[in-house]
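Visitor: I have just opened this structure and would like to learn how to read it. Could you walk me through a few features?

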Amino acid sequence: MKILHYIPSIGKSGGGVSAYLQLLSHELGKLVELHIVTHHTHDEITLEHCSVHYIEGNIKHFMRMKHEYCTLLNELKPDLIHVNGCWMLQCSWTIFWAKTKGYPVLLSPHGMLEPWNIKKNYWAKKLPALLLYQKRAIKLANFLVATADTEKKNLIKLGYNKNIAIIPNGIVIDGIAMKKSWEGRKQILFLALYRRNKGIDLLMQAIFHMKNDLKDWKVIIAGIESDYTIKDLKRMAEEKGISNIITVTGGLFGDDKWNTYRESDVFVLPTLNENFGIVIAESLLCGTPVITTQGAPWPKIPEYGCGWWIHRSVDEIITAIKEFIQTPIERRQEMGHNGRKLIEENFSSQKVAQDMVELYKNCLLYTSDAADE
């Protein structure tokens, strides 16, 4: 089976979508002939077990992009096209051009069609995009791929396409070691894009109210600049009088990232919404318990006994952190092993890749049957 994925960027600044494709290709490329189509960008991540093809990406050069993309389709003749992302014209164009040539298309919105995302700049950007191209692209896709039941429900409410499959994001577990000790280092970790919906402000408020309890603790705020800059966050910490507790590091990658997960006692993500939350999976894989909010689709955290899944409020964040601090080392170790087990059983990249291949087969069968009718 020959599969072609389109993604606007494989740069580190692409955040979760780039990371998703990096993780997926690691295993999917072992099961199918995998081709990735994208545009040149700086600071690109490495993709394994696939062929990467670059085409024109500037919307001012529309015809050049179309020519290069369609030429690539003619040369490769993939069985199926899988598009990653919404709202960018290029994502919709790749769907339109593929459908014109008769290819089945899957669309992974990656949370970009969640209600909160659609409301953001709705009148200025989202509504015009929906009217001009985005709604049509969603309707043309043979399947939408959601990463959680909550995302599927929201896509159904949107009403543009009823063919929706759920395949969670995966995580590569091979070669990622779990921490060897749960002895308290007095370190709390936050790691995510510096976006407002991630709840950095709520975490800082919680730390402010707990500063007497956290005198000897360090709270690391790591991530790539977005709505906030490193300077913004340092200023926020200074204004609240907690700069002696808060350390703003910027992005963490490679061994630095994994070592920080393992060196932290607990990971906290008070997010408003996630379609998956790869950082939660990474923390659990390393054996570090998690405190996150119910905007993230992780009800399995309390089921497996590896952390807290709470309502999004400063009071509940404070309560959860205090409960963790009072948790004995033996229980923290048990929680760490439970978290690793959760990831291995539900979200390994091998399982996700196998599920994706089954979806591709069903999509091809579905489109073949539809063509025969």
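Guide: Gladly. Let us begin with contact, which means heavy atoms within 4.5 Å. Helices (H or I, at least four residues) and strands (E, at least two) are DSSP runs, numbered from the N terminus. This is a predicted model, where local features need pLDDT of at least 70, side-chain atom pairs count only at pLDDT 80 or more, and totals for chains, interfaces and linings use all residues. Residues are numbered from 1 along each chain as its sequence is written, and side-chain values use heavy atoms, with hydrogens and water left out.

Visitor: Which residues of H7 meet H12?

Guide: Leu 202, Leu 203, Gln 205, Ala 206, Ile 207 and His 209 of H7 touch Val 314, Ile 317, Ile 318 and Ile 321 of H12. By class, this contact has 8 nonpolar, 2 polar and no charged residues. Here Ala, Val, Leu, Ile, Met, Phe, Trp, Tyr, Cys and Pro count as nonpolar, Asp, Glu, Lys and Arg as charged, and the others, Gly among them, as polar.

Visitor: At what angle do H7 and H12 pack?

Guide: Axes are lines fitted to C-alpha atoms, for helices over the stretch in contact, and angles run from 0 to 180 degrees between N-to-C directions. Helix H7 (residues 200–209) and helix H12 (residues 314–325) pack at about 60°, their axes 9 Å apart. That makes H7 oblique to H12; angles under 35 degrees count as roughly parallel, over 145 as roughly antiparallel, 65 to 115 as roughly perpendicular and the rest as oblique.

Visitor: Is the crossing of H7 and H12 left-handed or right-handed?

Guide: A crossing is left-handed if the near helix is turned anticlockwise from the far one by less than a right angle, and right-handed if clockwise. The H7 and H12 crossing is right-handed, whereas H3 passes H5 in a left-handed crossing. Helix H3 (residues 89–100) and helix H5 (residues 122–140) pack at about 45°.

Visitor: What is the strand order in the open sheet?

Guide: Two strands pair if DSSP finds at least two bridges between them. The open sheet of 7 strands runs E3-E2-E1-E4-E5-E6-E7, with parallel pairing. Its edge strands, E3 (51–54) and E7 (164–166), each pair on one side only. Strand E6 (residues 143–146) pairs with E7 over 3 bridges, and Val 145 has Ala 165 in E7 as its bridge partner. Helix H6 (residues 149–158) packs on the sheet, touching E6 and E7.
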